[in-house]
Amino acid sequence: MLNVPFKKVHGSRNDFLLIDHKDLPSSFTYQQKQQLTVLLCDRENGIGADGILFVSVGGRTDGVMQIFNSDGSEASMCGNGLRCAGRYILEKTGKDQVIVETLKADLYVKKYHETKTDIPFYQVEISPVLFEPTSLPMKSNLEKVVNEKLDYLSHELTFTAVAVPNPHLISIVTKEILLSEEQGRIAKYVNGENPYFPDGVNVSFVYPIKAGEVFVNTYERGVGFTNACGTAMSASSLVTILQGLHQFEKPLVVYNNGGYVQTIVHNQNGKQWIDLIGNGTYSFDGNVEVDMEKALMTNLEKTYHYDEEELQYQQMEKKAKDVILSVFGKEQI
Ligand SMILES: N[C@@H](CCC[C@H](N)C(=O)O)C(=O)O
């Protein structure tokens with residue numbers, strides 16, 4: 001039996017189990033991490049989560065974050081997860097700012113002093129930003145796919161493909177599209193067997209609410225529709241600017257089904273990157289016993305230390321739901 005201590009965490013209700021590498025046997029393999037993720041993330045028979053963040057404190061930088069989607073696939077980055085993993089590393093090291101190693105980039109995380117709420121907010125770096133279709137990967141004859149029609153997906157919508165560095169396909173849409181089944185149809189096609197996106201792709205639909213505010217709905221590769229996706233909201237902010245609906249270096253509020261975040265897209269010396277600012281909330285501490293051979297979990301224990309934090313988050317979430325209700329006539333898309 002493997003004893004696994006974990007924390008349940010979320011960023012905009014994109015929820016994860018955070019497991020410290022030090023609590024796993026040193027012989028724990030990559031394949032075992034995949035199996036553990038599928039078993040524990042199952043919302044019916046497991047604990048339930050969008051993925052697992054395997055975190056280490058220390059090493060070449062201040063810490064390491066490895067992200068597995070709920071289907072067991074590894075992703076190169078996770079923006080909402082990095083705020084939670086970054087918080088954990090900040091607290092363990094006692095530093096004000098840390099550098100976290102992710103699969104393809106070392107990224108900074110720092111505590112953000114949000115004046116309107118006591119909820120712990122974190123600012124994380126989303127970078128690099130890559131437009132070459134090969135970086136997603138995506139099959140295309142174009143040098144960049146920016147606001148292009150892709151007839152194999154839709155005769156009506158235009159799309160931008162960008163890796164940050166995990167892959168995103170983004171479309172700015174009308175309210176009608178955002179309330180329709182079109183999103184699922186397109187997202188499922190590019191995440192199934194298809195000739196264009198061999199590794200699948202995160203797909204986002206962006207609705208500009210008013211100057212300085214957008215709503216983003218994302219179907220995540222390896223998961224399905226989630227409440228929010230941090231890298232998707234960051235990439236969508238950049239796309240919003242590229243379509244002339246916002247400006248570089250200016251805060252943008254991004255609403256999602258689990259709350260809201262703020263982004264600032266930078267464009268300096270030919271390089272673009274995004275600051276993603278939002279909650280990194282701890283929900284509870286847990287412990288579970290796992291039989292890896294039989295793929296069984298037992299003796300799940302949960303300890304709730306963070307009730308105050310959760311209550312404050314619910315208030316923030318309520319504000320987002322009120323906005324979504326006023327725009328779309330329902331609290332959730
Ligand atoms: N939810 C994450 C992204 C997680 C990885 C993604 N599903 C992928 O496979 O690229 C975020 O907040 O960025």
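Biologist: Where is C229 found?

Modeller: This is a predicted model. In it, C229 is found in the loop between strand 14 (224–226) and helix 5.

Biologist: Is C229 buried or exposed?

Modeller: C229 is buried, because 32 other C-beta atoms lie within 10 Å, and 20 or more count as buried.

Biologist: Which residues is C229 in contact with?

Modeller: Leaving aside its neighbours within four places in sequence, C229 is in contact with N14, N80, N202, T218 and E220.

Biologist: Which residues does the UniProt annotation "active site" cover?

Modeller: In the UniProt record, an unreviewed entry, the "active site" annotation covers C78 and C229.

Biologist: What does C78 touch?

Modeller: Not counting residues up to four places away in sequence, C78 touches G51, I67, G230 and T231. G230 and T231 are also among the closest residues to the ligand.

Biologist: Let us turn to the ligand, then. How many residues surround the ligand?

Modeller: The ligand is surrounded by 17 residues, and the closest are A75, N80, N166, G230 and T231. By type, the shell divides into five nonpolar, ten polar and two charged residues.

Biologist: Which element gives the largest share of that shell?

Modeller: Helix 2 does, with three residues. At least two residues each come from strand 4 (63–69), helix 2 and helix 5 (230–242).

Biologist: How many residues does the shell draw from each domain?

Modeller: At least three come from each of domain 1 and domain 2.

Biologist: How is the chain divided into those domains?

Modeller: Domain 1 is made of 2–123 + 280–322, and domain 2 covers 133–278. Taken over C-alpha atoms, their centres are separated by 24 Å.

Biologist: How many residues of the two domains are in contact?

Modeller: On the domain 1 side there are 25 residues, in contact with 24 residues of domain 2. Helix 2 (79–93), strand 8 (121–126) and helix 6 (307–328) each supply at least two residues of the side of domain 1 that touches domain 2. That side of domain 1 consists of eight nonpolar, eleven polar and six charged residues.

Biologist: A change of topic: where is S171 found?

Modeller: S171 is in strand 11 (residues 167–172). S171 counts as buried, with 23 C-beta neighbours inside 10 Å. Leaving aside neighbours within four places in sequence, S171 is in contact with L157, T158, F159 and F205. Another pairing is S171 with V206: they are 35 residues apart in sequence and 6.2 Å apart in space, C-alpha to C-alpha.

Biologist: Last one: is H21 buried or partly exposed?

Modeller: H21 counts as partly exposed, because it has 16 C-beta neighbours inside 10 Å, and that class lies between 12 or fewer for exposed and 20 or more for buried. Its place is in the loop between strand 2 (14–20) and helix 1 (30–41).

Biologist: What does H21 touch there?

Modeller: H21 touches F54, V55 and S56, not counting residues up to four places away in sequence. From C-alpha to C-alpha, H21 and V57 are 8.5 Å apart in space, and 36 residues apart in sequence.

Definitions and conventions:
Residues numbered from 1 in each chain as written. Predicted model: local features only at pLDDT ≥ 70, side-chain atom pairs only at ≥ 80, totals over all residues. Domains from an automatic or database assignment. Contact = placed C-beta atoms within 7 Å. Helix = DSSP H or I, 4+ residues; strand = E, 2+ residues; numbered from the N terminus. Nonpolar A, V, L, I, M, F, W, Y, C, P; charged D, E, K, R; others polar. Near = placed C-beta within 6 Å. UniProt positions renumbered as here; feature names shortened; annotations may be inferred.
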